[in-house]
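Please keep the sequence and the structure in view while reading.

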Amino acid sequence: MYRPTDEHQEFRAAVREVCDEKVAPNAAAADEAAEFPQASYEALKRADFHAPHVPEAYGGVGADALATVIVIEEVARACASSSLIPAVNKLGTVPLLLAGDDQLKQAFLPPVAAGEAMFSYCLSEPEAGSDAASMTTKAVRDGDSWVINGVKRWITNAGISQYYTVFAVTDPEKRSRGISAFVVDKDDPGVSFGAPEKKLGIKGSPTCEVYFDNVTIPADRMIGEEGTGFGTAMRTLDHTRVTIAAQALGIAQGALDFALGYVQQRKQFGKPVSDFQGVQFMLADAGMKIEAARQLTYAAAARSERNDADLTYFGAAAKCFASDVAMEVTTDAVQLLGGYGYTRDYPVERMMRDAKITQIYEGTNQVQRVVMARQLLAGLPD
């Protein structure tokens, strides 16, 4: 069952109030300046919406997967860049929640729950994007330590986050079975960052390369057993693709909401633009597809919470469908505003630019279709 409870709906109302008052006003400026929206982060922290998924045992709110999706959806409706605060905090910490021992969780999860630190995820490399198993970042054992050397690319919130889940090769002979996962602190000697990428959208969320130059960390910072890192990475993405679906859903809803208001106020040929049937068809299609995306995303969130056997399929399906819908709806929202939609005076052009990345990161939509096809051909588990 994935229908939101009354408690979920109350949660949504609380998030929306914070976002309308404290997040949305910062969205355009963060985009224009390509700067991290610190004021929005502070507002989310004060309301405990910056990392709601962290369990209560580690000082967090302990929100379930659906409540976390609702937070990300509502923040993205106001500001896509800001939605990457709760989304990437979850992405970076899910490996610990799935495979880390309690000592590691106790060390690194409470600061995230308290809003004292953010957590990023370092999987992709310059020559290892969709083919993550081809990574070349290495970790070599040295007594009671591991020494990491390499570079990671496209790392969301790099330089802002304090902690990083880093995937590195520990046994080159075993390919994916020779990859392990570690927690790295940005203050560890040898960690540095490249210049922020100059991006089409989500400009308020820095994306940088992360460099590891003989970064020496204690052996107890390994997440899970040696050689299990790639499996942990893939299991993590099963869960967090649902959060990207939520982000896409929120962007699409924000664009439709703005367009609905605009077409009822804008007059042409002596009547509101909303009176024209062609416009009404565009609005109907947008509303229909957003609701379909919402139902699929919430169904995937329910499976994430239960860790169902068919989560891989539903996570890929939700991410793929919702992001395709977001791109279509935001593009149509620009069209509905006409020439005004093409200017930065109105938010829909930003939303269209922000929507594009949801079709690309955490696995391109082409990769999602490969994942879904393989699941279907293997026979979805009951």
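Helices (H or I, at least four residues) and strands (E, at least two residues) are runs assigned by DSSP, and they are numbered from the N terminus. The model is predicted: local features need pLDDT of at least 70, side-chain atom pairs count only at pLDDT 80 or more, and totals for chains, interfaces and linings use all residues. Residues are numbered from 1 along each chain as its sequence is written, and side-chain values use heavy atoms, with hydrogens and water left out.

## Helix H5 and its surroundings

Helix H5 covers residues 102-113 and has 12 residues. From its first C-alpha to its last it reaches 15 Å, close to the 16 Å expected at 1.5 Å a residue; the expected span is 1.5 Å times one less than the number of residues. After H5 comes Gly115, whose phi is positive, near 80°.

The buried residues of H5 are Leu104, Lys105, Phe108, Leu109, Pro111, Val112 and Ala113. An α-helix has 3.6 residues a turn, so residues three or four places apart point the same way. The buried residues of H5 pack against helix H4 (80-99) and against strands E1 (119-122), E4 (163-169), E5 (179-185) and E8 (222-223). Contact here means heavy atoms within 4.5 Å.

Two strands pair if DSSP finds at least two bridges between them. E4 and E5 pair in the antiparallel sense over seven bridges, and Val169 has Ile179 of E5 as its bridge partner. E5 also pairs with E8, again in the antiparallel sense, over two bridges; there the bridge partner of Phe182 is Met222 in E8. E1 and E4, in contrast, run parallel and are joined by four bridges, with Phe119 opposite Tyr163 in E4.

How many of the residues of E5 are buried? Seven of its seven residues are buried. Ile179, Ala181, Val183 and Asp185 lie on one side of E5, and Ser180, Phe182 and Val184 on the other. Both faces of E1 are covered as well, with Phe119 and Tyr121 on one side and Ser120 and Cys122 on the other.

## Salt bridges

Side chains of opposite charge can pair when their charged atoms come close. A salt bridge is counted when a side-chain nitrogen of Lys or Arg lies within 4 Å of a carboxyl oxygen of Asp or Glu. By this rule the count comes to 20 salt bridges. The table gives some of them.

| Pair | N to O distance |
|---|---|
| Arg12 and Glu74 | 2.8 Å |
| Asp131 and Arg175 | 3.1 Å |
| Arg303 and Asp310 | 3.1 Å |

Arg303 is buried, with a relative accessible area of 17%, and Asp310 counts as buried at 11% relative accessibility. Elsewhere, salt bridges that share partners join Arg12, Arg16, Glu73, Glu74, Glu291 and Arg294 into one network.

Arg12 lies in helix H1 (residues 6-33) and Glu74 in helix H3 (residues 65-78), so the pair ties together parts that are 62 residues apart in sequence. Both Arg12 and Glu74 are buried.

The pair of Asp131 and Arg175 links distant parts of the chain, 44 residues apart. Asp131 is in the loop between E1 and strand E2 (138-142), and Arg175 is in the loop between E4 and E5. Asp131 counts as partly exposed at 37% relative accessibility, and Arg175 counts as partly exposed at 48%.

Lys319 lies in helix H8 (residues 311-336).

The side chain of Lys319 reaches the backbone oxygen of Thr358 at 2.9 Å. A polar contact of 3.0 Å joins the side chains of Lys319 and Asn365. Not counting residues up to four places away in sequence, Lys319 touches several residues, including Arg241, Ile244, Tyr361 and Gln368.

Note on methods: Polar contact = N/O pair within 3.5 Å; in protein donor to acceptor, adjacent residues only side chain to side chain. Buried < 20%, exposed > 50% of the residue type's maximum accessible area, 1.4 Å probe, protein only.
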